[in-house]
Structure formats: C-alpha cells, structure tokens
Amino acid sequence: MASSFLLHADKGCDKDTWPDTLQGTRQLYDNWAKTYDPELKQHGYNGPTATVKALVKWVPDKTARFMDIACGTGLIGEELLKAGYSSIDGLDMSTESIKICKEKNIYGRLVCSEVTTNRLDIDNDTYDVTVCVGCFVPHHMNEECFPELARITKPGGFLVITMKQAYFDTSEDYNYGGKFEAAIQSMVQQGKWEVMARDHVEGYFGEHNGVTLVFKIM
C-alpha cells in the first residue's frame, strides 16, 4: 500500500493516480495517515512552510484564531506553532488523520467533516484566519466551497489557500484553472472578499510549483 501512496506524491496528486470519488479520497487518507508525514517530507512537500511564511506578514497578531481546513495529520498546525500562533482549530474528513492530530496536541477543537457546499458545524465569523493547504485536489475540495470558507471567517480576516500551480493555471486537471478564476472573481463582485496576494511557491511539491492565494474577507 505504501508504494501507491508514494506514487501519489511523485505525481503531485494528479488525476491519473488520484481516487475518482470523495469517498475514495477519504479512504486513501485514512490508509495513508500513519506514514503521511515522513513520506511527504521525503518528497519535498513545502506547502505548510511556504503558507505560513506568506501569511505572517498579513497576520502579525499571534493571538489570532486559526482554522486549518483539511488539516490532515497536523503539518500546517506544526508550522503555525513554530511561527508563534497558538489558537488553532482543525478540520479533516479522515478519522485516522484526526487521531494523529489529537496525539500531537496541536489543535483546540477538531472537527471531522468533508468540505462541500453544505454548512459546516461552525458558527459564522468564527476565525481570524482560515487556512487551506494542499486540499484543492480532484475529488476533495473545489471552488464551490468558497462561500462556506468565507462564512466561517471574520470580516477583516483572511482566507489563505496554497495549491498546486497546475490546477490553478490549466484546465487539464478537472478544469480547476477556469473554474477557480471565475469563482474568485464572482466572490470579488459579490463583495465577499478582496484578493490581497498571489504568491508563487517554488518547489511546492518536489518538482511541482504552487501558488498561495490570500483573500481578505469583507
């Protein structure tokens, strides 16, 4: 089983190696949880580090309350702690990943849920910062959840997304590029958020580059 996980890492989680349903993605992460950290580090996964590096200039307040969406086994939470942030909640659809997060004792509240257009068990305007790293991949999360991510974030707060550049730029992998840009601009036109930054992430995942998007919630 481990070799199939390494294939996902080598391919940068592309559509040829990724499960074709949300349930399949959940099962993959459940099975992957125990070896997830060392395998991703082995393959040069730079998403968590790059994301926290990008957001510190927007969020100087170390008491800011964070929600780590699709927190996985806590890699982003670990980087947030290193940067001096301590009020961090997490959400993930993988029960096995949530168990590892509990063992690491990084997060306050942990929510086991998928992120779709459905309302999450989180109140409006709860978080100063909502972070999504590496979760916009086929059959996991897509642009349809933007309104829900904005809903749980306080006005004046930030939504930070880091993802594989190819998903954003092209239509080859489930048309993420065209749909993402259209959805981003729709949220701007509706007065839901303002685009603050689009930062290139060199070596986001091995040889694959990434992009970090910073939105200020209105």
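Biologist: How many of the seven residues of strand 4 (residues 127-133) are buried?

Modeller: Six of the seven are buried, so strand 4 is largely enclosed by the rest of the structure. Buried means under 20% relative accessible area, exposed over 50% and partly exposed in between, with a 1.4 Å probe and protein chains only. Helices (H or I, at least four residues) and strands (E, at least two) are DSSP runs, numbered from the N terminus.

Biologist: Before we continue, what sort of model is this?

Modeller: This is a predicted model, in which local features need pLDDT of at least 70 and side-chain atom pairs count only at pLDDT 80 or more, while totals for chains, interfaces and linings use all residues. Residues are numbered from 1 along each chain as its sequence is written, and side-chain values use heavy atoms, with hydrogens and water left out.

Biologist: Which way do strand 1 and strand 4 pair, parallel or antiparallel?

Modeller: Strand 1 (residues 65-69) pairs with strand 4 in the parallel sense, over four bridges; two strands pair if DSSP finds at least two bridges between them. Asp-68 stands opposite Val-131 in strand 4.

Biologist: And how many bridges join strand 4 to strand 5?

Modeller: Six bridges join strand 4 to strand 5, and these strands run parallel. Tyr-127 stands opposite Thr-153 in strand 5.

Biologist: What unit do strand 4, helix 6 and strand 5 make?

Modeller: With helix 6 (residues 146-151), strands 4 and 5 make a right-handed β-α-β unit. Right-handed here means that, with the strands pointing away from the viewer, the path from the first strand over the helix to the second runs clockwise.

Biologist: Now the cavities. How many of 30 Å³ or more does the structure hold?

Modeller: It holds two. A cavity is a set of points, on a 1 Å grid over the protein atoms alone, where a 1.4 Å probe fits but cannot get out, and its lining residues have an atom within 4 Å of a point. Grid points are joined across faces, edges and corners, and a volume is the space filled by probe spheres set on the points.

Biologist: Which residues lie nearest the centre of the largest cavity?

Modeller: Of its 31 lining residues, Tyr-29, Tyr-36, Tyr-45, Val-133 and Gly-134 lie nearest the centre. Helix 2 (22-42), helix 4 (75-82), strand 5 (153-164) and strand 6 (193-205) each give two or more residues to that lining, and helix 2 supplies the largest share, four residues.

Biologist: How do the lining residues divide into nonpolar, polar and charged?

Modeller: The lining of the largest cavity has 21 nonpolar, eight polar and two charged residues. Ala, Val, Leu, Ile, Met, Phe, Trp, Tyr, Cys and Pro count as nonpolar, Asp, Glu, Lys and Arg as charged, and the others, Gly among them, as polar. The lining of the second largest cavity has four nonpolar, two polar and two charged residues, including Asp-92 and His-140.

Biologist: Turning to helix 5, which of its residues are buried?

Modeller: In helix 5 (residues 95-104), Ser-97, Ile-98, Ile-100 and Cys-101 are buried. Down the helix axis they fall within an arc of 160°, so they line one face of the helix; the arc is that of the directions from the helix axis to the C-beta atoms. Lys-102 and Glu-103 are exposed on the other side of helix 5.

Biologist: What follows helix 5?

Modeller: Asn-105 follows helix 5, with a positive phi near 60°. Just after helix 4, Gly-84 takes a positive phi of about 100°.

Note on methods. On a 1 Å grid over the protein atoms alone, a cavity is a set of points where a 1.4 Å probe fits but cannot get out, and a pocket is an open set with protein on both sides within 12 Å along at least five of seven lines; lining residues have an atom within 4 Å of a point.
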